[in-house]
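This report covers selected local sites and the interface between two chains. The sequence and structure come first, and the description follows.

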Amino acid sequence: MKKFTYTEKKDTRSGFGAGLLDIGKKNPNVVALCADLTGSLKMDAFEKEFPERFIQCGIAEANMIGVAAGLTIGGKIPFTGTFANFSTGRVYDQIRQSVAYSNKNVKICASHAGLTLGEDGATHQILEDIGLMKMLPGMTVICPCDYNQTKAATIALEKHVGPAYLRFGRPAVPNFTDAATPFEIGKAQILTEGKDVSIFATGHLVWKAIEACEILEAKGISCELINIHTIKPLDEKAILASVRKTKCVVTAEEHQRNGGLGDSIAQLLSKEFPVPIEMVAVNDSFGESGTPSELMTKYGIDTPNVVSAVEKVLMRK
Amino acid sequence: MSISSIAFSNEIRKAVLKMVFEANASHIGGALSMTDLLAVLYSEILNINPKNPLDESRDRFLLSKGHACTGLYAALALKGFFDLKELDSYSKNGSMLLSHTNHKAPGVELSTGSLGHALPVACGIALAAKRKNKAFKTYCLLSDGELDEGSNWEAILFAPQHRLNNLIAIVDYNKIQSFGLVKEVLDLDPLNRKFESFNWNVIEIDGHNHDQIFEAFGKAKANLIKPSVIIAHTVKGKGVDFMENKLLWHYKSPSLEQYRQALEQLNSQ
Ligand SMILES: [Mg+2]
């Protein structure tokens, strides 16, 4: 398989901050809103460079979403920033009525998603946000895998028209994708080709899946690994092409099994090309405090879980 | 204007009554309580053009109490934003006139229904106008009951912080909400002092007196420092004596006999 290396670990939220600054310089219509988490969302550089285009909303997320919807008049492109929990569950009705149904060009950017925010614990570790957002008609849902890709996804959103949800996280993770690769919304990224099993991973689980592929290769198993950075719209063509070749699937994500990426893929395959599937995801549970790595192990979304899911699905093939 | 605001309000009331009766719909009480406010806004205040409803320089009017949409639809149709015949389709399958305020109808700025949404959006519009040095004003009409929603109070904090002197909120204070008196469900009193303490310019009026309504908008527009709120004391079901101040008429739809009786009263006003 193709070899993946990285020179440093970086947090995906910093990729968002860098991308936001970049499009802020390019397009005067880009505005940013934050609910008193400027530092956590890495929006400080944008605030410093463009104070007139940065709107501090205070810890009042419902109002922030409404203000963003209102700001879209005259072609402004609002990017809201707060934790994933407060970006989705807390303001779901605001997003549903004033953004999605009204088809406003609001970009909802959410950090600290999933278990890997670590010590802050269950109240903050939202594992339901992808499901909530993908259910909304017309909503685009993006979950990039590393710093470079989060930056590229943020930049891509400037040209994208329509409501979108961008999910990223807190910890430093391997920054392995090529900074020069442009980000195409809705286009799956084939990381390595293989013939025995298709692995579809998203977000922080992409690197875990790379580690799993290396372990499996040593055992003589050839994995095809595809990064599904856009969960909606799903790249059905790429998924089906891969599965028609390998005839079995493992999905991997930092999210509840219910409503996540695995759910979307299972729905597609049950209709178009039914094959055995194993899902690496959190199994109907809330998180707790701990280091990101402790929690990923405890809740079954670490590298060994991807390895055993592949071994299991191959037995069912 | 070809007709005075008072005659206009009577036309709105009759259209509201007909729509609610024919669709066997709800929320006539809250539509009638805000009718005079709408009539003055749409005949005297709002800078809008029915022939060019998306003109960038237009004033924005957002109806936050989306359930009272019949009043807004009637005002828009009477102003020529769309054909009066469209009102006959109200609430029917396939109609652009859904039974909660819908942006598919020309002249409607925002879909509303779930409460407490429009004031935050109005803040965003007003902020965009200020940043772009646009002179238009943003108006947002709220019910008293929906001031229970915390999202409104987030916006009420936000507007003075961002010096939104181009934002005018109007509260249709008819003292009745879905299933009880505001005082009994979740009391808002003293509403004027609440807004004052949040640093708003507060104007309190009789929401059925057209001169007072007109003057209030003048005062609100003249305040160059703060966002303004017009607390309009109103009567739920205003204009039809057996509906006035009756909780029943939040949800009830009139029978044929009640419809005829109500129409007769409105025809003689
Ligand atoms: Mg009321």
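B:Gln177 counts as buried because its relative accessibility is 11%, where buried means under 20% relative accessible area, exposed over 50% and partly exposed in between (1.4 Å probe, protein chains only). B:Gln177 belongs to strand E4 (residues 176-177) of chain B; helices (H or I, at least four residues) and strands (E, at least two) are DSSP runs, numbered from the N terminus. Its side chain makes a polar contact of 2.9 Å with the side chain of B:Asp148. A polar contact is a pair of N or O atoms within 3.5 Å; within protein, one must be able to donate a hydrogen and the other to accept it, and residues adjacent in sequence count only if both atoms are side-chain atoms. Not counting residues up to four places away in sequence, B:Gln177 touches B:Gly145, B:Asp148, B:Val182, B:Val185, B:Leu186, B:Lys236, B:Leu247 and B:His250, contact meaning heavy atoms within 4.5 Å.

The model is predicted: local features need pLDDT of at least 70, side-chain atom pairs count only at pLDDT 80 or more, and totals for chains, interfaces and linings use all residues. Residues are numbered from 1 along each chain as its sequence is written, chains are lettered from A and ligands numbered from 1 in the order in which they are written, and side-chain values use heavy atoms, with hydrogens and water left out.

The magnesium ion has the protein donors B:Asp144 (OD), B:Asn174 (OD1) and B:Ile176 (O), at 2.1 to 2.2 Å. Donors are N, O and S atoms within 2.8 Å of the metal (3.2 Å for Na, K and Ca); water is not among the atoms, so sites may look incomplete. The sequence spacing of the donor residues is D-x29-N-x1-I. B:Asn174 is buried, at 3% relative accessible area, and B:Ile176 is buried at 4%.

Between chain A and chain B, 26 residues of chain A contact 29 residues of chain B. The area buried there is about 2100 Å², with 57% from carbon and sulfur atoms; buried area is the accessible area (1.4 Å probe) that two parts lose on being put together, summed over both. In chain A, A:Ile73, A:Gln97 and A:Tyr101 lose the most area to chain B, together 28% of what that side buries.

Eleven residue pairs are in polar contact between the chains (both at pLDDT 80 or more). On the side of chain A that touches chain B, strand E3 (54-56), helix H3 (61-71) and helix H5 (92-101) of chain A are the elements that give two or more residues. H3(A) supplies the largest share, eight residues.

There is one salt bridge between chain A and chain B, a salt bridge being a side-chain nitrogen of Lys or Arg within 4 Å of a carboxyl oxygen of Asp or Glu. The table gives side-chain pairs between the two chains.

| Pair | Type | Distance |
|---|---|---|
| B:Arg131 and A:Glu52 | salt bridge | 3.7 Å, closest N and O atoms |
| B:His117 and A:Asp93 | polar contact | 3.0 Å |
| B:His117 and A:Ser98 | polar contact | 3.4 Å |

B:His117 lies in the loop between helix H4 (69-79) and helix H5 (118-131) of chain B. At 2% relative accessibility, B:His117 is buried. Leaving aside neighbours within four places in sequence, B:His117 contacts A:Asp93, A:Gln94, A:Gln97, A:Ser98 and B:Ser64.
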